[in-house]
Amino acid sequence: MKRFFEVAAADERHYPAEIDPRIEHVKQIADHLGPLDGRVIADLGCGKGRFARVYQERFPAVRLVSVDIAEAMVTSAPGARCCATLTALPFRTAAFDGAYATESLEHAVDVELAVSEVCRIVKPGGHIAIIDKNREHWGRFETPDWEQWFGREQMERLLRRHCRDVASNLISYWEDVPPDGLFVIWKAVR
Ligand SMILES: C[S@@+](CC[C@H](N)C(=O)[O-])C[C@H]1O[C@@H](n2cnc3c(N)ncnc32)[C@H](O)[C@@H]1O
């Protein structure tokens, strides 16, 4: 899997380094995390850091740590960079004020362990946002063998083991387009 993403980094069409900052995925994470200046935030499974780049520009005093299993991905991300797996994050407990993971937990294989690691590194009261695809739409695309899409309840249950105030909603790319059900955002408070 790591090798897949090391190679995929060269594929700019499917793994872009930029995202339109008006997209709802960017906006809803930012709304949940709140103002980021002065905060230490982890982008987990950051890819080339397309989300981190927007937040860094919007909040110049944020301290972002971009984490990805593939060196070839994380090397283009902004902020501090760390090549590591979501299932064994090399950070102390409660090291971060907040964290987000976009379309990365679906690749983490041991999702229970990954969710517990994501939650462990966020301090009590810190906010966590996860965006992934909805299990109800499984089969809509061809996926690698290890990929898993999550039910809303399923991920909410995993988050509730570690967090309070867990919620989820369907999300579309654009505010004026109703969600088609493919993407879900889960929001939690540690
Ligand atoms: C579909 S890309 C999404 C990248 C980025 N979050 C974004 O939205 O642009 C999935 C990313 O998750 C990373 N990834 C997959 N499994 C991982 C794991 N176990 N630990 C850390 N990163 C992982 C991949 O290397 C890849 O960069």
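Helix α3 (residues 50-58) has 7 of its 9 residues buried, so it is largely enclosed by the rest of the structure; a residue is called buried if 20 or more other C-beta atoms lie within 10 Å of its own, exposed if 12 or fewer, and partly exposed in between, with C-beta atoms placed from the backbone. Helices (H or I, at least four residues) and strands (E, at least two) are DSSP runs, numbered from the N terminus. The buried residues of α3 are Arg50, Phe51, Ala52, Arg53, Val54, Tyr55 and Gln56, and they pack against α2, β1, β2 and β4; two residues are in contact if their C-beta atoms, placed from the backbone, lie within 7 Å.

This is a predicted model, in which local features need pLDDT of at least 70 and side-chain atom pairs count only at pLDDT 80 or more, while totals for chains, interfaces and linings use all residues. Residues are numbered from 1 along each chain as its sequence is written.

## Overall architecture

The secondary structure of the protein comes to 6 helices and 7 strands, and from the N terminus the elements follow the order α-α-β-α-β-α-β-β-α-β-α-β-β. For 190 residues a compact globule would have a radius of gyration near 16 Å, and the value of 15 Å for the protein agrees with this; the radius is taken over C-alpha atoms, and the globule rule is 2.2 Å times the number of residues to the power 0.38. Along the principal axes, the C-alpha atoms fill a box of roughly 40 × 35 × 35 Å.

Of the 190 residues, 42% count as buried. Among contacts with a separation of 6 or more, 62% are accounted for by residues 24 or more positions apart.

## The sheet

An open sheet is formed by 7 strands in the order β3-β2-β1-β4-β5-β7-β6, with mixed pairing; two strands pair if DSSP finds at least two bridges between them. At the edges stand β3 (80-83) and β6 (164-171), each with a single partner strand, so one side of each is left without a neighbour in the sheet. From one strand to the next the twist averages 15°, where axes are lines fitted to C-alpha atoms, for helices over the stretch in contact, and angles run from 0 to 180 degrees between N-to-C directions.

Strand β5 (122-133) is joined by 7 bridges to β7 (residues 183-189), and the two run antiparallel; the bridge partner of His127 in β7 is Val189. Helix α2 (residues 24-33) packs on the sheet, where it touches β1, β4, β5, β6 and β7, and its direction makes about 165° with that of β5. Helix α5 also packs on the sheet, touching β1, β4 and β5, with its direction at about 140° to that of β5.

## Strands β1 and β2

In β1, 5 of its 5 residues are buried: Val40, Ala42 and Leu44 point one way from the strand, and Ile41 and Asp43 the other way. Strands β1 and β2 (residues 63-68) pair in the parallel sense over 5 bridges, with Val40 opposite Arg63 and Asp43 opposite Ser66. In β2, 5 of the 6 residues are buried, so this strand is largely enclosed by the rest of the structure.

Helix α5 (residues 111-120) has Ala114, Val115, Glu117 and Val118 as its buried residues. Seen down the axis of α5, these residues fall within an arc of 160°, so they line one face of the helix; the arc is that of the directions from the helix axis to the C-beta atoms. They pack against β1 (40-44), β4 (96-102), β5 and α6 (152-160).

The largest nonpolar core has 51 residues, and those with the most contacts inside it are Ile41, Ala99 and Val118; such a core is a set of buried Ala, Val, Leu, Ile, Met, Phe, Trp, Tyr and Cys residues joined through C-beta atoms within 7 Å. When its neighbours within four places in sequence are left aside, Ile41 is in contact with Leu33, Leu36, Val62, Leu64, Phe96, Asp97, Gly98 and Ala99.

## The loop at Ala94

Ala94 is found in the loop between β3 and β4 and is partly exposed, with 14 other C-beta atoms within 10 Å. Leaving aside neighbours within four places in sequence, Ala94 is in contact with Val122, Lys123 and Pro124. Ala94 and Ile185 are 91 residues apart in sequence, and in space they lie 22 Å apart, C-alpha to C-alpha.
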